[in-house]
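Subject: Structure handover

Hello,

Here is the structure I said I would pass on. My notes on what turned up in it follow below.

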Amino acid sequence: MGIFINGKCRSKARLDDKTAIVTGCNTGIGKYTVMDLCRRGARVVMACRNLDKAEEAAKQIRDRLEHNQNAGKISIKHLDLSSLSSVRTCAGEILREEPCIHLLINNAGVMMCPHQLTEDGYEYQLATNHLGHFLFTLLLLPRILNSAPARVVNLSSMAHLIDTGVTVYSVHPGIVDTELDRHFDATIFSGSKAFLRSFGCLYKKTVKQGAQTTLYCALDEKTANETGLYYSDCEAAVTSPKATDPKLAKQLWDLSLQMVHWDHNTDPFKQG
């Protein structure tokens, strides 16, 4: 457990009759987030690449909440964020099955992967962390807008200002004891993963602690009136100047649309 931890979500909000989607949630922060949302009564869609691990995680959560009569339900969808085709397929299935989407938590992420290209020809980490979530959010956005009040929480720097009843947050969860360091030995040096983990108790958060800022942005009554901000330890924080440069934001937006082959005649901000 990290010794410099203070952020905590204290909201008592219930999510009965609400639908939440969480990406990459078969372990770590995402798994804890699913459990918390389900405990509050939400119907949670786990969108994961590894279906076997997702099924096991869902079973563990159901077992943990089996005596909670007010717990919500969990369903699982296959989502490989490195594949634009998989993203479109998953989003299409969700749109056919879910009349409302009140909460989208873009939680999945990879780090320091060995260099590889996706089937679409993009660098794997860029495709997974940014392009996949970018397209996934655009495809679901009309349904999210139609479900307002709704929230989008990004565990990455993809926050956009939206004044249509949907609030958007960018979250820094902190350094958390998860499987995000799985590629360290391959990309840094053999044994680096074990070396860094041996000192992790001084600064790493548990998955419960790491999920607090995500839950704070997803649930807290105060943040319902805030949008487009960057949060750390359950507080709005200062981000880099580049992240608030409107010219750079426009360039990233336009390039991302091009890279995911978005139809420019389709308005993702149109309710539906």
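To begin in the sheet, His-172 has Ser-232 in strand 7 as its bridge partner. Please keep in mind throughout that this is a predicted model.

Strands

That bridge partner lies in strand 7, and strands 6 and 7 pair in the parallel sense over 4 bridges. Strand 6 also runs parallel to strand 5 (residues 150-154), and 5 bridges join the two. Here Val-153 stands opposite Tyr-169 of strand 6. How much of strand 6 is buried? It is mostly covered, with 6 of its 7 residues buried.

As background, nonpolar side chains in soluble globular proteins tend to be buried together. In this model the largest nonpolar core has 36 residues, and those touching the most other members are Val-34, Leu-37, Met-46, Ile-105 and Val-153. Two or more residues each are given to this core by strand 1 (19-23), helix 1 (28-39), strand 2 (43-48), helix 2 (51-64), strand 3 (74-78), strand 4 (103-106), strand 6 (166-172) and helix 8. Helix 1 supplies the largest share, 6 residues.

Ile-105 is worth a look when you open the file. Leaving aside residues up to four places away in sequence, Ile-105 touches Ile-21, Val-22, Thr-23, Thr-33, Leu-37, Val-153, Leu-155, Thr-214 and Ala-218. There is also a second, separate core of 35 residues, and its members include Ile-101, Tyr-122, Trp-253 and Trp-262.

Aromatic rings

How many aromatic pairs does a search of the whole structure find? The search finds 4. One of them is Tyr-216 with Tyr-231, an edge-to-face pair at 6.2 Å centre to centre with 65 degrees between the planes. The pair counts as edge-to-face because the angle between its planes, 65 degrees, is over 60. This pair links distant parts of the chain, 15 residues apart: Tyr-216 sits in helix 8 (residues 212-219) and Tyr-231 in strand 7 (residues 229-232).

Are these two tyrosines, Tyr-216 and Tyr-231, buried or exposed? Tyr-216 has 9% relative accessibility, so it counts as buried. Tyr-231 counts as buried too, because its relative accessibility is 0%. The cut-off for buried is under 20%.

Elsewhere, Phe-134, Trp-253 and Phe-269 form one aromatic cluster.

Regards

Key
Residues are numbered from 1 along each chain as its sequence is written. This is a predicted model: local features need pLDDT of at least 70, side-chain atom pairs count only at pLDDT 80 or more; totals for chains, interfaces and linings use all residues. Side-chain values use heavy atoms; hydrogens and water are left out. Rings of Phe, Tyr and Trp (its six-membered ring) pair if their centres lie within 6.5 Å; planes under 30 degrees apart count as stacked, over 60 as edge-to-face and the rest as tilted. Buried means under 20% relative accessible area, exposed over 50%, partly exposed in between (1.4 Å probe, protein chains only). A nonpolar core is a set of buried Ala, Val, Leu, Ile, Met, Phe, Trp, Tyr and Cys residues joined through side-chain atoms within 4.5 Å. Contact means heavy atoms within 4.5 Å. Two strands pair if DSSP finds at least two bridges between them.
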